[in-house]
Amino acid sequence: MIILYKFGPMHSLIDASPFVVKAEIMLKMAGLEYEADYDGFNKAPKGKLPYINDDGKVIADSVFIRMHIEDKYKFDFDAGLDERQRGIAWAIEKMVEDHLYWAMVRERWLEDDNFNKGPRAFFDKAPALIRPLIAAMVQKKVRKNLYGQGLGRHSRTEANILAGRAVDALAAILGKRQFIMSDQPCGADAMVFANLASMAEPAFNSPMIDRINSHANLEAYLKRMKQRYFPDVQGKLLKK
Ligand SMILES: N[C@@H](CCC(=O)N[C@@H](CS)C(=O)NCC(=O)O)C(=O)O
């Protein structure tokens, strides 16, 4: 049995982390049974989620989870794509993971009203007296990470100009296709969906919500992906 270590849902999101949602979709794409565990963060081998435990073998990082599924279960996430398309799909995924994801993190963690509506709840289990301190410490760490990554050096407006361009690029790449590379989902769809859904989450306040929804094809894509992989999840349904 595979155990997927997750954070848990946030507002209408399947999980607070798009990387966790990506891993979950990949398991579903491959048709693998899995159980969710919401208490693994403290034991995460790389200090991050997701990771999985597959019959005693622990694999951390969504990309290594993908490679594990490919190796052990002989599942080809990009079946039907030629070599060039596989390369493009990989590049799209990395644009989302290493660029657009950080723009989402910036909106979520550095804007206080969004932080208070979302990430602050991660610290609910901390003792009340030190809770604000821990929240402020982690927020500071995320700010530092964003500065190191680069996006945190830009103003909010500038960061969203860059993110908006990436969103428009995704809309242009998607075009009239059902999924990001063709009318069949491929590996990259897992992260493209997960991160766009996270950015478009209406509970937060972000210009990126309108930017995504200004593309009818992206809006339809999000609905299509959700319907395909999480047909039973509506609103805040996925409880711990
Ligand atoms: N490269 C990793 C990224 C995973 C990641 O960034 N996870 C974040 C949540 S979205 C995390 O666990 N952050 C906790 C921390 O940095 O302390 C993957 O593909 O799985």
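Two strands pair if DSSP finds at least two bridges between them. Helices (H or I, at least four residues) and strands (E, at least two) are DSSP runs, numbered from the N terminus. The model described here is predicted: local features need pLDDT of at least 70, side-chain atom pairs count only at pLDDT 80 or more, and totals for chains, interfaces and linings use all residues. Residues are numbered from 1 along each chain as its sequence is written.

Strand 1 (residues 2-5) pairs with strand 3 in the antiparallel sense, over four bridges. Within this pairing, Tyr5 stands opposite Tyr51 in strand 3. Strand 3 is also joined to strand 4 by four bridges, and these two strands run antiparallel. Here Asn53 has Val58 of strand 4 as its bridge partner, and Asp54 has Lys57. Strands 3 and 4 form a hairpin with two residues between them, and Asp55 in the turn has a positive phi of about 50 degrees.

Pro50 is found in the loop between strand 2 (34-37) and strand 3. A residue is called buried if 20 or more other C-beta atoms lie within 10 Å of its own, exposed if 12 or fewer, and partly exposed in between, with C-beta atoms placed from the backbone. Pro50 is buried because 25 other C-beta atoms lie within 10 Å. Two residues are in contact if their C-beta atoms, placed from the backbone, lie within 7 Å. Not counting residues up to four places away in sequence, Pro50 touches Leu4, Tyr5, Lys6, Phe19, Val20, Ala23, Ser62 and Ile65.

Pro50 is also one of the residues around the ligand, which include Ser17, Phe19, Lys48, Asp61 and Ser62.

Ser62 leads on to helix 2 (residues 62-73). The expected span of a helix is 1.5 Å times one less than its number of residues. For the 12 residues of helix 2 that gives 16 Å, which agrees with the 16 Å between its end C-alpha atoms. In helix 2, Ser62, Ile65, Arg66 and Ile69 are buried. Seen down the axis of helix 2, the buried residues fall within an arc of 105 degrees (the arc of the directions from the helix axis to the C-beta atoms), so they line one face of the helix. These residues pack against helix 1 (18-29), strand 3 (51-54), strand 4 (57-60) and helix 7 (187-199). The face turned away from the buried side carries the exposed residues Met67 and Asp71. Just after helix 2, Lys74 takes a positive phi of about 55 degrees.

Notes: A residue is near a molecule or strand if its C-beta atom, placed from the backbone, lies within 6 Å of it.
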